[in-house]
Amino acid sequence: MEDYRKAREKALNYISYCNRTEAQVRTKLKELEFESEIIESTINFLKEYDYINDEKFTTQFVENGLKYKGKSRRKLQQELYQKGIRTNIEVTEDIETAERETISKLLNKFKYSSELDKKEQDKIFSKITRKGFSYTQIKLIIETME
């Protein structure tokens with residue numbers, strides 16, 4: 001019982017700094033060398049009181065990533081996978097709109113113009129594709145700009 005109380009306190013402390021996924025909490029408790037049944041009981045407690053909720057976490061993570069950090073759906077998917085969430089981000093109109101706006105902002109930031117030489121245009125394309133946006137998405141935005 002004492003170990004369960006300690007595990008619960010450690011988990012609550014760990015999630016108090018920022019939202020965490022179930023996998024992150026589970027990994028942290030394993031690192032602290034708690035037994036698997038103590039970990040399971042702690043995870044169940046956290047879920048019961050809605051301290052951890054992977055569905056809510058995913059929704060908030062995607063919204064923040066798109067709106068405030070200008071990340072692509074592909075980049076967010078990769079980051080969620082690293083956090084232990086194995087789900088696909090559903091493509092909605094809001095997500096597509098946010099991605100188009102982000103690509104437009106990046107094109108403006110990097111001063112894209114059809115008057116630039118091919119080498120400069122390719123550099124800008126490379127910078128944007130490294131952020132997780134596809135060549136097709138970028139090309140469509142450029143066509144609407146011209």
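Helices α1 and α2 cross with a right-handed sense. The contact between them involves Ala7, Lys10, Ala11, Tyr14 and Ile15 on the α1 side, and Gln24, Val25, Lys28 and Leu29 on the α2 side. Please keep in mind that this is a predicted model, and enjoy looking around it with the points below.

**How α1 and α2 meet**

- The axes of these two helices, α1 and α2, come within 10 Å, and they cross at roughly 130 degrees.
- Angles from 65 to 115 degrees count as roughly perpendicular and those over 145 as roughly antiparallel, and α1 and α2 are therefore oblique to each other.

**A closer look at α1**

- Helix α1 runs over residues 2–16, which makes 15 residues.
- From the first C-alpha of α1 to its last, the helix reaches 21 Å, close to the 21 Å expected at 1.5 Å a residue.
- Which residues of α1 are buried? They are Tyr4, Ala7, Ala11, Tyr14 and Ile15.

- Helix α4 covers residues 54–67 and helix α5 covers residues 73–82; their axes come within 10 Å and cross at roughly 140 degrees.
- How are α4 and α5 oriented to each other? Only angles over 145 degrees count as roughly antiparallel, and α4 and α5 are therefore oblique.
- The crossing of α4 and α5 is right-handed.
- On the α4 side, Phe57, Thr58, Phe61, Val62, Gly65 and Leu66 meet Leu76, Glu79 and Leu80 of α5.

**Two loop residues with positive phi**

- Glu33 lies in the loop between α2 and α3, and its phi is near 65 degrees, a positive value in a residue other than glycine.
- Is Glu33 buried or exposed? Its relative accessibility is 72%, and because exposed means over 50%, Glu33 counts as exposed.
- Asp50 is found in the loop between α3 and α4, with a phi near 60 degrees, again a positive value in a residue other than glycine.
- The relative accessible area of Asp50 is 37%, so Asp50 is partly exposed.

**Arg100 in α6**

- Arg100 is part of helix α6, which spans residues 93–109.
- With a relative accessibility of 35%, Arg100 counts as partly exposed.
- Where does Phe133 lie relative to Arg100? The two are 33 residues apart in sequence and 9.6 Å apart in space, C-alpha to C-alpha.
- Setting aside its neighbours within four places in sequence, Arg100 is in contact with Glu93 and Ile141.

**Ser134, a buried loop residue**

- Ser134 sits in the loop between α7 (118–129) and α8 (135–145).
- The relative accessible area of Ser134 is 18%, and since buried means under 20%, Ser134 is buried.
- Not counting residues up to four places away in sequence, Ser134 touches Arg74 and Thr129.

How values were computed
Residues numbered from 1 in each chain as written. Predicted model: local features only at pLDDT ≥ 70, side-chain atom pairs only at ≥ 80, totals over all residues. Heavy atoms only, no water. Helix = DSSP H or I, 4+ residues; strand = E, 2+ residues; numbered from the N terminus. Expected span 1.5 Å × (residues − 1). Buried < 20%, exposed > 50% of the residue type's maximum accessible area, 1.4 Å probe, protein only. Axes fitted to C-alpha atoms, helices over the stretch in contact; angles between N-to-C directions. Parallel < 35°, antiparallel > 145°, perpendicular 65-115°, else oblique. Left-handed = near helix turned anticlockwise from the far one by under 90°. Contact = heavy atoms within 4.5 Å.
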